[in-house]
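Please read the points below with the model open beside you. They are meant as a colleague's notes.

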Amino acid sequence: MKYFITTITLIFALIAPIAAQGADITLRPQITVEGDTITFGDLFDGTGEKADQTVAPAPAPGKSKVFKAKSVANFVRSHGFTWRPATPVRRIKVRRLGITIPHENISDEIRNAIEYELGAELFEMALSSQHTNIKVGTEQDPSVSVENLYFNKRSGQFTAELLAPAHDQNGYRFKLGGKVHKQVMIPVLKRFTPSGREILEDDIEFKAERSSKVGRNVVTDAALLIGKSPRRSIRSGMAVSLNNLGDPVTVEKGKLVAVILQSGGMFLSISGRTMEAGGTGDVIRVENINSRKIIQAEVVTSQKVRIISNPDQLASLR
């Protein structure tokens with residue numbers, strides 16, 4: 001009996017240090033979490049039934065949290081585990097996975113809020129950053145809502161307070177600023193239009209332009225374009241200046257035309273070469289092919305001009 005008791009005592013003496021040390025666990029490499037808490041199972045392999053026990057709150061989606069290895073070792077020891085890292089570890093980094101909310105979705109939400117604030121749809125919005133990096137957890141809805149909007153109507157500057165996921169009071173809050181530029185619709189030409197070509201109604205479309213860029217000489221009424229022609233070529237989509245509009249060119253410079261004189265029953269016709277371009281009704285300079293003299297004539301068609309009836313002009317026909 002004494003021998004049996006001694007044997008049992010020896011067994012307990014051998015087992016006791018192992019029980020005191022607790023179960024061995026191994027630190028996971030590249031620790032990532034998806035939820036809003038960090039558990040034993042996220043940090044270590046071999047935690048058994050305690051794998052789902054919360055150790056600490058998780059960082060925000062897409063962010064990381066760093067723990068001192070010594071503090072973690074003390075914590076796991078207090079819960080009956082033994083951690084013996086194979087190599088020295090000073091810090092443990094935990095990164096939370098996240099889903100990035102598309103920039104277009106964020107921009108649309110802010111634009112809708114500004115549209116409601118202004119009571120207008122025609123404006124250009126420029127965000128202070130074109131690379132927004134707002135994330136939510138992998139288990140959350142990748143959406144955002146504008147909770148507050150601070151808008152300066154005079155300067156156009158604004159700051160939007162965002163909540164992600166949308167309308168989730170336990171979500172993550174962000175601030176994003178920018179500027180609004182008011183716009184007006186102006187008529188522009190659909191395609192490149194050279195000088196002299198007549199502008200037709202079908203050549204015109206409308207484009208939103210910043211109000212600050214629309215000067216007093218910019219055409220804002222499409223009716224002012226129809227039937228006119230550019231004095232200088234106009235590229236498609238560009239604002240048109242009133243100063244660059246004239247009547248369409250009927251006859252180009254350097255063209256052979258019939259120069260006619262009709263007075264009462266008298267009718268004369270000679271050949272001439274235009275010295276400048278002109279529209280119907282314009283008076284241009286024309287060279288008499290035979291005499292090389294310059295005469296003034298009114299443009300009738302693309303092939304005919306009518307000489308102005310005065311003595312000097314009549315003399316030039318000889």
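**Notes on the model**

1. Glu287 is buried, because its relative accessibility is 16%. Buried means under 20% relative accessible area, exposed means over 50%, and partly exposed lies in between (1.4 Å probe, protein chains only). The side chain of Glu287 meets that of Arg292 in a salt bridge, at 3.7 Å from N to O. A salt bridge here is a side-chain nitrogen of Lys or Arg within 4 Å of a carboxyl oxygen of Asp or Glu. Side chains of opposite charge can pair when their charged atoms come close.

2. A word on the source. This is a predicted model, in which local features need pLDDT of at least 70 and side-chain atom pairs count only at pLDDT 80 or more, while totals for chains, interfaces and linings use all residues. Residues are numbered from 1 along each chain as its sequence is written, and side-chain values use heavy atoms, with hydrogens and water left out.

3. Arg292 is exposed, because its relative accessible area is 53%. The residue sits in the loop between strand 20 (283–288) and strand 21 (294–299). Strands (E, at least two residues) and helices (H or I, at least four) are DSSP runs, numbered from the N terminus. Arg292 has a positive phi of about 65 degrees, although it is not a glycine. Most residues other than glycine have a negative phi, and most peptide bonds are trans.

4. The loop between strand 13 (157–164) and strand 14 (172–189) holds Pro165. The peptide bond from Ala164 to Pro165 is cis, with omega near -5 degrees. His167 lies in the loop between strand 13 and strand 14. His167 is not a glycine, yet its phi is positive, at about 60 degrees. With 59% relative accessibility, His167 counts as exposed.

5. How many salt bridges does a search of the whole structure find? The search finds 11. One of them joins the side chains of Arg28 and Asp45, at 2.9 Å from N to O. Arg28 lies in the loop between strand 1 (23–27) and strand 2 and Asp45 in strand 4 (residues 44–45), so the pair ties together parts that are 17 residues apart in sequence. Arg28 is partly exposed at 34% relative accessible area, and Asp45 is partly exposed at 35%.

6. Lys190 and Asp202 form a salt bridge, with their closest N and O atoms 3.7 Å apart. Both residues are in the loop between strand 14 and strand 15 (204–210), 12 residues apart. Lys190 is partly exposed, with 34% relative accessibility, whereas Asp202 is exposed at 55%.

7. The largest pocket holds about 160 Å³ of space. A pocket is an open set of points on a 1 Å grid over the protein atoms alone, where a 1.4 Å probe fits, with protein on both sides within 12 Å along at least five of seven lines; lining residues have an atom within 4 Å of a point. Volume is the space filled by probe spheres set on the points, which are joined across faces, edges and corners. Which strand gives the most to the lining of the largest pocket? Strand 8 does, with 4 residues. Strand 2 (31–33) and strand 8 (91–96) each supply at least two lining residues. Among the lining residues are Arg28, Pro29 and Lys93.
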